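This report sets out computed features of one protein structure. It begins with a database annotation and then turns to the overall fold and a single residue.

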Amino acid sequence: MQELQTSGTFTDLLKSLSKEREHKMHFYHIIAREEKGRKEIKYLQKQLLNVKKERQAEVQSRNEYITHLKDQLQELKAKTNMENHYMKRNTELQISQTQKKCNKTEELLLEEIEKLRLKTEEENQIHMEIEIFLRKEQQKLEEKLEFWMEKFDKDTEMKQNELNALKSAKASDLAHLQDLAKMIREYEQIIIEDRIEKENNRKHVEQSLLELKSIIKLQAWWRGIIVRNEIGGFKLPKKDNDASKGSKGKGKDKDKRRGKR
């Protein structure tokens, strides 16, 4: 007001409006980050559930595989016992070799079971660490969300006051928006006219192609008529050699008769 009264300008008012716009954009950025934080929390929760399900399924699959290996081991043991029972009459060398083979297979299966057990324990440990980490991250995001919610309420009240002040400047921008709307309508009219012209050109090209195809078909039809009716210099080829020979003999007889006459 002092600037308007003294110099008749409003530079300070424009600067104040620019600052308020910057504050407003900062406020919008804060809201966007808050929304992004909510989405990240939901995503992390969903990811945590997926990881739990995957780990449980994997542990169950490993347990089933271990059970399957144990069953195989039991089957091998039973098979070995049966073979020992029915092969007692064979030589001692064959019994010893069979026993060694079964023992080796059993050792390999036990080693594989131990490896799977250790791997399962390691993966469970990793899963627990990941779960603890995700819980900590979730807690941090919840704290940040609470902080930004409080800040949002305060900033909303402040920005509402600023919005009331900005509404007074809306009238000055309305004329500019109307000019822009008029310019956009003119551009839209130009675009529509250009599209109509392109559509007409496309229809003209399609019509020309259709006429060309019709002309080609008409020419092919006319050439077929000329060849079939032997119009002009076009003649059909003769059917076979016998017919040609017969026609030649008739021609010679006609020549002899003409000579006699």
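## Annotated region

An unreviewed UniProt entry lists residues 88-123 as "coiled-coil region"; UniProt positions follow the numbering used here, feature names are shortened, and annotations may be inferred rather than shown by experiment. In the predicted model, the chain over residues 88-123 is 89% helix and 0% strand, with the end C-alpha atoms 47 Å apart.

## Basis of the model

The model is predicted, so local features need pLDDT of at least 70 and side-chain atom pairs count only at pLDDT 80 or more, whereas totals for chains, interfaces and linings use all residues. Residues are numbered from 1 along each chain as its sequence is written, and side-chain values use heavy atoms, leaving out hydrogens and water.

## Overall architecture

The protein has 5 helices and 0 strands, in the order α-α-α-α-α along the sequence. Helices (H or I, at least four residues) and strands (E, at least two) are DSSP runs, numbered from the N terminus.

Of the 261 residues, 12% count as buried (under 20% relative accessible area; exposed is over 50%, partly exposed in between; 1.4 Å probe, protein chains only).

## Residue K159

K159 lies in helix α3, which spans residues 92-167. With a relative accessible area of 11%, K159 is buried.

The K159 side chain makes a polar contact with the side chain of E162 at 3.0 Å. Such a contact is a pair of N or O atoms within 3.5 Å; within protein, one must be able to donate a hydrogen and the other to accept it, and residues adjacent in sequence count only if both atoms are side-chain atoms. Leaving aside neighbours within four places in sequence, K159 is in contact (heavy atoms within 4.5 Å) with E20, H23, K24 and F27.
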